[in-house]
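I opened the model to look up its disulfides and its nonpolar cores. My notes follow the display.

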Amino acid sequence: MTISGKWHRDLFALALVASCAQPSSGFAKEAWNGCFRRAYDAAHLAAHPGQTVKSMAVLMRPVTGRRSNNDRWWNNEPWIANAQLIITLRGKKTKYYGYNADCVASAAGLVCPMEVDAGMFTLARWAAGVKLVNASDIRLSRADGDFEASNLPIVRANNSEDRTFLLPPAPAAACK
């Protein structure tokens, strides 16, 4: 299912309004740098039978500049970081990837819509890393970059077990 550009803009605007649409104070671009990952053990997965995500990682890279005249950045917001998701799912050996996400500041942290309307997530600082919230269904790809196959999985935002992830810092190799 492809999400229309208008729907994506509306969801992004809603995320900014929900966060008071103010730039994030105290969150220097350098703070949004590195690998953050969590792998869930068998005990956690047994206690959360509806959770499909077995591991979640986000690789953050700070960037400079502004985005303008673009479907996602219609107000020329400052571009804070680039984020890449790496996900493994319960019952699958394949490592999946999310589309590239360009993140802008919000009062709570970052709002990160992914390219080609592949979903959106938010990031906030958490005492031991980052808190990632799945704000809309996240379409995944295999390592070959095929995002169009109809049988590729989607991490559903309406599944409370796959909505919020607390990700501690991890070595860079964990995000490959």
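I began with Cys103: it is buried, at a relative accessible area of 0%. For burial I use under 20% relative accessible area as buried, over 50% as exposed, and partly exposed in between, with a 1.4 Å probe and protein chains only. Cys112 is also buried, with 0%. A disulfide joins Cys103 to Cys112, S to S 2.1 Å; the term stands for a pair of cysteine sulfur atoms within 2.5 Å. The torsion about this S-S bond is about 115°, so the link of Cys103 and Cys112 is right-handed.

I note the basis here: this is a predicted model, where local features need pLDDT of at least 70, side-chain atom pairs count only at pLDDT 80 or more, and totals for chains, interfaces and linings use all residues. Residues are numbered from 1 along each chain as its sequence is written, and side-chain values use heavy atoms, with hydrogens and water left out.

How many disulfides does the structure hold? I find two. Cys35 is joined to Cys175, S to S 2.0 Å. I read 85° about that S-S bond, and the link is right-handed. Cys35 sits in strand β1 (residues 34-39) and Cys175 in the segment after β12 (169-170), so the pair ties together parts 140 residues apart in sequence. Strands (E, at least two residues) and helices (H or I, at least four) are DSSP runs, numbered from the N terminus. Cys35 is buried at 5% relative accessible area, and Cys175 is buried at 6%. Counting bonded cysteines along the chain, I get the pattern 1-4, 2-3.

Next, the cores. I take a nonpolar core as a set of buried Ala, Val, Leu, Ile, Met, Phe, Trp, Tyr and Cys residues joined through side-chain atoms within 4.5 Å. The largest has 32 residues. Which of its residues touch the most other members? They are Val58, Met60, Leu85, Leu110, Phe121, Leu123 and Leu132. Two or more residues each come from β2 (53-62), β3 (79-89), β5 (101-106), β6 (109-113), β7 (120-126), β8 (129-134), β9 (138-141) and β11 (164-167). β3 gives the largest share, six residues. Apart from this core lies another, of six residues, including Cys35, Ala57, Ile86 and Tyr97.

Last, I checked Met60. Leaving aside neighbours within four places in sequence, Met60 is in contact (heavy atoms within 4.5 Å) with Trp32, Asn33, Gly34, Phe36, Ala81, Asn82, Ala83, Leu110 and Leu123.
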